[in-house]
Amino acid sequence: MSQADGFDALLQEDRVFEPPAEFAAQANANDPGIYEEADRDHEGFWAKFASELEWSRPWDTVCEWTPPTVKWFLGGQINASVNCVDRHVRTARRNKAALIWEGEPGDRRTLTYWDLYQDVNRFANALRDLGVEKGDRVAVYLPMTPELPITLLACARIGAVHSVVFAGFSAESLRDRINDMQAKVVVTGDGGYRRGGVIPLKQITDDALDGAPSVESVVVMHREGLDADISMQDGRDHWYHDLMAKAAPRCDPQPMDSEDLLFTLYTSGTTGKPKGIAHATGGYLVGTYATSKWVFDLKEEDVFFCTADIGWVTGHSYLVYGPLANGATCVMYEGAPDTPHRGRFWEMVERYGVTVFYTAPTAIRAFMKWGTDIPAKFDMSTLRLLGTVGEPINPEAWMWYHANIGGARVPIVDTWWQTETGAICVAPLPGLVALKPGSATRPFPGIKPMVVNEQGEEVKVGGGYLVMKRPWPSMLRTIYGDHERYVKTYFGRWGPDVYVTGDGAKIDDDGYLWLLGRVDDVLNVSGHRVGTMEVESALVDHPDVAEAAVVGKPHEIKGQGIAAFVTLKEGVTPHDGTIGVLKQHVVTKIGAIARPDEIVLAADLPKTRSGKIMRRLLRDVAEGKALGDVTTLADPTVVAKLRDQYADKEG
Ligand code: ATP
Ligand code: MG
């Protein structure tokens, strides 16, 4: 595909937001010297965070890096559930809310750390009673109810490797993942609520298990209020509440070697077949603990609402392990942001006094589409910090978020990371770093990303490939069952000591990083490098546009042409001139080289189930090719419709 070194088309965005003085004064990380200090001694930097956790045996060696194999805190033993729960119940946090949960229909539950401790212990014993041993894999296919974090922590307690499969996936996707990980047990539910409907999880699990011989037992959680018609298979299937009633109340935690696997998780499949990313216990816990503490600035009194589903890595790291290791209160929500109304998140912010809120650009663009009067109805004055993750955030969406959710007063942390990185790698420390809308700003201390050109040489200012030249504790250890793919995918381009993120980025005069999405999303138009992200941001900048996805298509003269798929804001009716106006808007914002050759006005864009735009499928559409892997699409009809529409329309 096209090369990523040197970007000629850059969207100008000059506003800079300094950390508010009041925020800086109280921030967990407020000494500017920590960047340099961590750079000088990155092992010492991470070891300091590690020493704030509880180890049953101290480590002998901080890091062993024999590229591309990495080990952290060697010789150390640690249990993740002890750090997320036991540690807190011995203190005044015992009766503090760990999870404040709300179901989509409006039911609510609050679990204190003590409640969580008891449930985790019992369920850990229940799993042991089913024969689950250290190292066994447990597939988790649950709705977003408290039993989901309970299951993860129960697995962690006995050393079982959990692997969550997002509850929106089909039987086939679930079966593939179960077989890939050779799961012994599946934990599922009779159903879960989503957009007012019910997902028949048990039925889907039954279908998936037809052809998944490794599974010996299935645990079925009953979703309160649901009357699902399910069948239970004798000897194989067990109700969660029956097992819990029988299980012993206390379970001794399994001491885990730092490098023992904590979990595997499949990537969202934006670029192709999902990969089973494997994470090690000690390093992962240190990485999520440290970043939660410094990037989200978590304090005793914070109420942290991460809207991500635990089916994705964000839910693992910032709804379970990171904040719980910090002893924070987490808000957890089962359903969709527009059910039963479009102010659902803001209503919860008001109801629970949320202080830190973390969501995805795709959600922010939906809120923008729905209008500012919705958040304006709620009192969100408790918020003191906002975050985003998942895709580059368009400057326009950043400004909207800042003004309409943050009341133009709170910092925004744009956090770049991946399933593979385990924890945030690039993000501002909100008490220290001035913000530029659309930039994830600086690497987290101790982490050393670099922008390189085609030859792997560092680009000091400009665009290129984002790589990592130094290991960090929470990085993946392998692709489960396919170490060769791990080596090839992540270390196959510039040598075994250069981790390839697959993303393009540019670095500006101030050393700020601007993430541009995947490298194969960078176009080469008449010899000019144009980031699809830049063109999309220019389109979204137009007041009529809700979302935009830009891809390249072969062009006889230019090499690559630009095709844009655009959805309009609600209430906007397109007219004959709309496409011309939008093309001109891009020219005004970026320049003539970025003028889209084609713009298709679409009702919807194809997205993964985690809400990311699947540009590779749009590329297939634009090039008139057969569609690639569509199994991780949220709604397969969207791309089929677009293809028909595209065939009918040129320009
Ligand atoms: P797959 O690897 O299967 O194609 P995926 O990369 O979408 O799927 P994730 O690990 O969930 O799966 O997503 C990580 C990717 O999301 C990053 O590589 C990057 O492209 C994008 N991303 C995440 N956060 C940001 C951010 N703050 N800014 C820009 N891009 C981001
Ligand atoms: Mg990826």
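**View 1. D297 sits in the loop between helix 10 (281-295) and strand 17 (303-306).** Like every view here, this one shows a predicted model. Is D297 buried or exposed? With a relative accessible area of 1%, D297 falls under the 20% limit and therefore counts as buried.

**View 2. Q182 has a positive phi without being a glycine.** Here the backbone angle is about 55 degrees. Q182 lies in the loop that connects helix 7 (171-181) to strand 9 (185-189), and Q182 follows helix 7. The relative accessibility of Q182 is 42%, so the residue is classed as partly exposed.

**View 3. Helix 7 has a buried face.** The buried residues to look for on helix 7 are A171, S173, L174, R177, I178 and M181. Viewed down the helix axis, these buried residues stay within an arc of 165 degrees, so they line one face of helix 7. Which elements cover the buried residues of helix 7? Among them are strand 7 (137-141), strand 8 (161-164), strand 9, helix 8 (201-209) and strand 15 (261-266).

**View 4. G189 belongs to strand 9.** The relative accessible area of G189 is 0%, so this glycine is buried. Once neighbours within four places in sequence are set aside, G189 is in contact with Y141, L142, L201, K202, V220 and M221.

**View 5. The largest nonpolar core contains 123 residues.** W46, L116, F123 and Y321 have the most contacts inside this core. Take F123 as a guide: leaving out residues up to four places away in sequence, F123 touches I150, T151, A154, V187, V219, Y240 and M244. Another core, of 33 residues, lies apart from the largest one, and its members include A363, M380, L383 and I393.

**View 6. Two prolines follow cis peptide bonds.** P67 and P68 are joined by a cis bond with omega of about 0 degrees. P68 lies in the loop between strand 2 (61-66) and strand 3 (69-74). The bond from T339 to P340 is also cis, and its omega is near -5 degrees. You will find P340 in the loop between strand 18 (329-333) and helix 12 (344-352).

**View 7. Helix 16 (residues 483-491) has buried residues along one face.** The buried residues of helix 16 are Y486, Y490 and F491. Down the axis of helix 16, the buried residues fall within an arc of 75 degrees, so they line one face of the helix. E484 and K488, on the other side of helix 16, are exposed. The cover over the buried residues includes strand 2, strand 16 (276-280), strand 24 (478-479) and strand 25 (499-507).

**View 8. The second largest pocket holds about 500 Å³ of space.** This pocket is lined by 23 residues, and R442, P443, I447, K448 and P449 are the closest to its centre. Which elements give two or more residues to the lining of the pocket? They are helix 2 (34-40) and strand 22 (449-452). The lining of the second largest pocket is made up of twelve nonpolar, two polar and nine charged residues.

**View 9. The second largest cavity has a volume of about 60 Å³.** Why look for such spaces with a probe? Rolling a probe the size of a water molecule over the atoms shows where empty space is left. In this model the count comes to three cavities of 30 Å³ or more. Around the second largest cavity are R365, E391, P392, N394, M533, E536, V540, A548, I613 and R615. Helix 17 (residues 532-540) gives the most to this lining, with three residues. By residue class, the lining of the second largest cavity has five nonpolar, one polar and four charged members.

Technical notes
Residues are numbered from 1 along each chain as its sequence is written. Chains are lettered from A and ligands numbered from 1 in the order in which they are written. This is a predicted model: local features need pLDDT of at least 70, side-chain atom pairs count only at pLDDT 80 or more; totals for chains, interfaces and linings use all residues. Side-chain values use heavy atoms; hydrogens and water are left out. On a 1 Å grid over the protein atoms alone, a cavity is a set of points where a 1.4 Å probe fits but cannot get out, and a pocket is an open set with protein on both sides within 12 Å along at least five of seven lines; lining residues have an atom within 4 Å of a point. Grid points are joined across faces, edges and corners, and a volume is the space filled by probe spheres set on the points. Helices (H or I, at least four residues) and strands (E, at least two) are DSSP runs, numbered from the N terminus. Ala, Val, Leu, Ile, Met, Phe, Trp, Tyr, Cys and Pro count as nonpolar, Asp, Glu, Lys and Arg as charged, and the others, Gly among them, as polar. A nonpolar core is a set of buried Ala, Val, Leu, Ile, Met, Phe, Trp, Tyr and Cys residues joined through side-chain atoms within 4.5 Å. Buried means under 20% relative accessible area, exposed over 50%, partly exposed in between (1.4 Å probe, protein chains only). Contact means heavy atoms within 4.5 Å. The arc is that of the directions from the helix axis to the C-beta atoms.
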